[in-house]
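Please keep the sequence and the model at hand while reading.

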Amino acid sequence: MVRRRQSICRRLWSFGDVASLVCCRDSVRTICPQNICSLRAHMEGKYYSEEAEVDLRDPGRDYELYKYTCQELQRLMAEIQDLKSRGGKDVAVEIEDRRIQSCVHFMTLKKLNRLAHIRLKKGRDQTHEAKQKVDAYHLQLQNLLYEVMHLQKEITKCLEFKSKHEEIDLVSLEEFYKEAPPDISKAEVTMGDPHQQTLARLDWELEQRKRLAEKYRECLSNKEKILKEIEVKKEYLSSLQPRLNSIMQASLPVQEYLFMPFDQAHKQYETARHLPPPLYVLFVQATAYGQACDKTLSVAIEGSVDEAKALFKPPEDSQDDESDSDAEEEQTTKRRRPTLGVQLDDKRKEMLKRHPLSVMLDLKCKDDSVLHLTFYYLMNLNIMTVKAKVTTATELITPISAGDLLSPDSVLSCLYPGDHGKKTPNPANQYQFDKVGILTLRDYVLDLGHPYLWVQKLGGLHFPKEQPQHTVIADHSLSASHMETTMKLLKTRVQSRLALHKQFASLEHGIVPVTSDCQYLFPAKVVSRLVKWVTIAHEDYMELHFTKDIVEAGLAGDTNLYYMALVERGTAKLQAAVVLNPGYSSIPPIFQLCLNWKGEKTNSNDDNIRAMESEVNVCYKELCGPRPSHQLLTNQLQRLCVLLDVYLETESHDDSVEGPKEFPQEKMCLRLFRGPSRMKPFKYNHPQGFFSHR
Amino acid sequence: MERAVPHAVPLGQMEVFQTLQRLHMTIFSQSVSPCGKFLAAGNNYGQIAVFSLSAALSSEAKEESKKPVVTFQAHDGPVYSMVSTDRHLLSAGDGEVKAWLWAEILKKGCKELWRRQPPYRTSLEVPEINALLLVPKENSLILAGGDCQLHAMDLETGAFTRALRGHTDYIHCLALRERSPEVLSGGEDGAVRLWDLRTAKEVQTIEVYKHEECSRPHNGRWIGCLATDSDWMVSWAEYRMGWQLQALPAEGLWLMVAGDPHLSAQVCGGGPALTLWHLRSSTPTTIFPMRAPQKHVTFYQDLILSAGQGRCVNQWQLSGELKAQVPGSSPGLLSLSLNQQPAAPECKVLTAAGNSCRVDVFTNLGYRAFSLSF
């Protein structure tokens, strides 16, 4: 039975809802006729859409329909029940009739159910759509909020911005309006507007500063001009000296004629009586030595005899003054400090005071250059100092790198090893210094002269080491024993310095001035060229990476002079850092090399560079040339050029690299390499002119 | 009047000269005395200094014990090579070999026992002697160097018995294959030649630079050092029966190892890379990744020690791995010496010397303990 009903239903639905609804129009009274009309119209669109139908129907009515259908069903069921319980033959027909009715109602229910589902789905879709819209609006809102926040921050930043001009100390407002020209101040605009006002004030500041800068420049040029004038005047003054000298010279015959030298000598001896003991010893010994052994030595006394005489008078009593100043100090405590400082300064000056008389020694060398030595005696420290000056017969063109060679500060440094003249030789002095706050004498030597040890010895002063003692007596024998050696050393020093001076002048122009009597040490053709010779600072030398060995060996003291030479051939550049000991030429200049060619080569990564260094540093004796070997530096540099030639020419050619050798071998060599460290033939053999290994 | 004697020359001159000499000193050779307690070192000024290893290694060693016990002028030129027999110290450099008695060497004014000069053909420049090699079985000494020949000298009579010719440039180094009277030589011409002493003939030639793997044209082709080692060869070769010869070429460095007559290996270094060679097949086995030319190489237990340019003593595994680099005090090393004299086990040290006046002493292979100094 059930199956049959179902099949009917199916059939019914296959005709379409409309048909079924029409069939049971009586029972389905609630379906509104308009709806059906529109449904029909819809049907004409060839397909039937339940979704579309949903829109046309009223959910309320559907609900009514539902309720009504359920009631009908209940009623039919009850009637069937009733009929069945009654039994009878005609019952079956009635039951069948009711069953058909209830089937129709079921159809309606089913339809309603589907409609309900579609509605639900639609409702959901709508909700979802609405939700998405809301989300989008929310996002937009948040973006806007963020933007607002950012803009607010920017605004605060702008408000907090500190302009540079706030740090500039501007002139006050009143002053500004008073002084600034109206085209800058623009009072009518700026009075009300603080921004414009500040701008105007800044303009005025700029204007003022510009003017001041102009003024400064003017002052500078003025100063320059004055300096130049001073220079000219100085030159005039210094030219006066030789003229006066020549006048003196001219007057000599007259003096001689009038037997005045006796007079002069007598006068000098008279003056000498006022010399302090050490200077007196020096004076006597130097004069004696000059007369006996060295006619080129002349001795003179300088300074005011009257002042020297005054020294022996008892000092005037200044007790009253002192008590006065004491009283003053008590009164004004504010002035106390400067007074103390001045007092200490005075004390220092007093301590370092030198005797008004000094002894001048003029030592004339063979080439007419003169070493002027002025000896002073520091009375309170009981030491002697010397100032040196070298004058030459011909005017010297001073090469830049020779700056320190003849400077009074360094010309006599380390005449004896280690005697750099920067420390006081008198151990007692340290205690005196402590009292007045002098740390070391070093700061004063430029002014006072250098207290070299040999100076003390020439003056007969002998200081035992590490043992302070106050009574040091000037001793003639000590002075005499040192006179000859020291004079000879002084002469050698001056000559070697002058020789260096001359060599430097050539070196700076890239010329290695080999003299003819040293020519045999080198081959005729040397291709490598010196291109640079400059002086460098001690600190710079210490910092070079290839000079570590010399620094560690303690050969780079601060009394030495330092130079940098550059030798070039083609693409090869050889740097040589040179230490020039003040004891040149008995102590040779020391070279450290760094070759830039196919990589950087120094003594630590190339045995041959090491060998080149030892060729100039250790084998320097064969480069000395004729005595007194002042040409050593030049010869060493020339040797370096030759060594670089040999190094480059004997470098083995890398077969894998195309092209000719950069440096064809021109030097005659017996063998290219020798020994385990593959030394190159650096030794030059005169007169055959070939190179061999050492 | 009493006159003090002034110094005509500032004192500094001598001191500066000595400092410069020390600064430019190169120690070319070392040799341990037969008693194992002394080490002789020869420098480029021809001086030999004898250090007391036992004093320097003792617990109460002072600074002075690291200075030479005695220093004497042995040659006019550099002392390139030294070896010790059981009584003598043999030194060579400028063309002559000189013998000194170890027993008398510590006394002042020691004179050489004898001196010999191999028959040279040139007269313009005396060729140097770069390598000395003792052949204990024959009681002879092999000298090689500047004249491109190996000279064999009978130590009994002092006569030069043979000259082995073949090298086309001077010879840097020699090595002995102990179990057969064969000598290896390596030279500036880039060839390692194997000589049979019985027939005085050249048996084999390996031209290392021709092997692409180990050639380094920018460094040249020279062979600076060679080494062979029988102990190592026995143990190692038996383990790997296929191998017969190993060699290491580097810039001037050859190392040869020989054990059983059929098995031999060598290491060589110099211009080409440091390489371990298989002698029978003349093929390189291991090429050691060392850029700087090596000047000395030796086998030690199952390691290979090499030294050359650079401050370090390099320790290699046979497989070519760098096991350690131990820094020394010289910028470049030229010789290593292992003191393995059984007479002085307490003095068992490795010493290394080169481009400085210091001999570095390594009490173990890990670090430099101290330096002996000229």
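In which sense do strand 6 of chain A and strand 7 of chain A pair, and over how many bridges? Strand 6 and strand 7 (residues 572-580) of chain A pair in the antiparallel sense, over nine bridges, where pairing requires that DSSP finds at least two bridges between two strands. Helices (H or I, at least four residues) and strands (E, at least two) are DSSP runs, numbered from the N terminus.

This is a predicted model, in which local features need pLDDT of at least 70 and side-chain atom pairs count only at pLDDT 80 or more, while totals for chains, interfaces and linings use all residues. Residues are numbered from 1 along each chain as its sequence is written, chains are lettered from A and ligands numbered from 1 in the order in which they are written, and side-chain values use heavy atoms, with hydrogens and water left out.

The hairpin of strands 6 and 7 of chain A has two residues between the strands, and G570(A) takes a positive phi near 60° there. Strand 6 of chain A also pairs with strand 5 (residues 529-536) of chain A, in the antiparallel sense and over seven bridges. Two sets of facing residues in these pairings are listed here.

| Residue | Stands opposite |
|---|---|
| W533(A) | A565(A) in strand 6 of chain A |
| L561(A) | L580(A) in strand 7 of chain A |

Eight of the nine residues of strand 6 of chain A are buried, so this strand is largely enclosed by the rest of the structure; buried means under 20% relative accessible area, exposed over 50%, and partly exposed in between (1.4 Å probe, protein chains only).

Over all chains, the structure holds 14 aromatic pairs, counted when rings of Phe, Tyr and Trp (its six-membered ring) have centres within 6.5 Å, with planes under 30 degrees apart taken as stacked, over 60 as edge-to-face and the rest as tilted. The ring centres of F504(A) and Y563(A) are 4.9 Å apart and their planes stand at 70°, so this pair is edge-to-face. The pair links distant parts of the chain, F504(A) lying in helix 19 (residues 476-507) of chain A and Y563(A) in strand 6 (residues 561-569) of chain A, 59 residues apart. Both F504(A) and Y563(A) are buried. Elsewhere, ring pairs join F375(A), Y452(A) and W454(A) into a cluster.

On helix 6 (residues 91-160) of chain A, I155(A) has its place, and I155(A) is partly exposed, with a relative accessible area of 49%.
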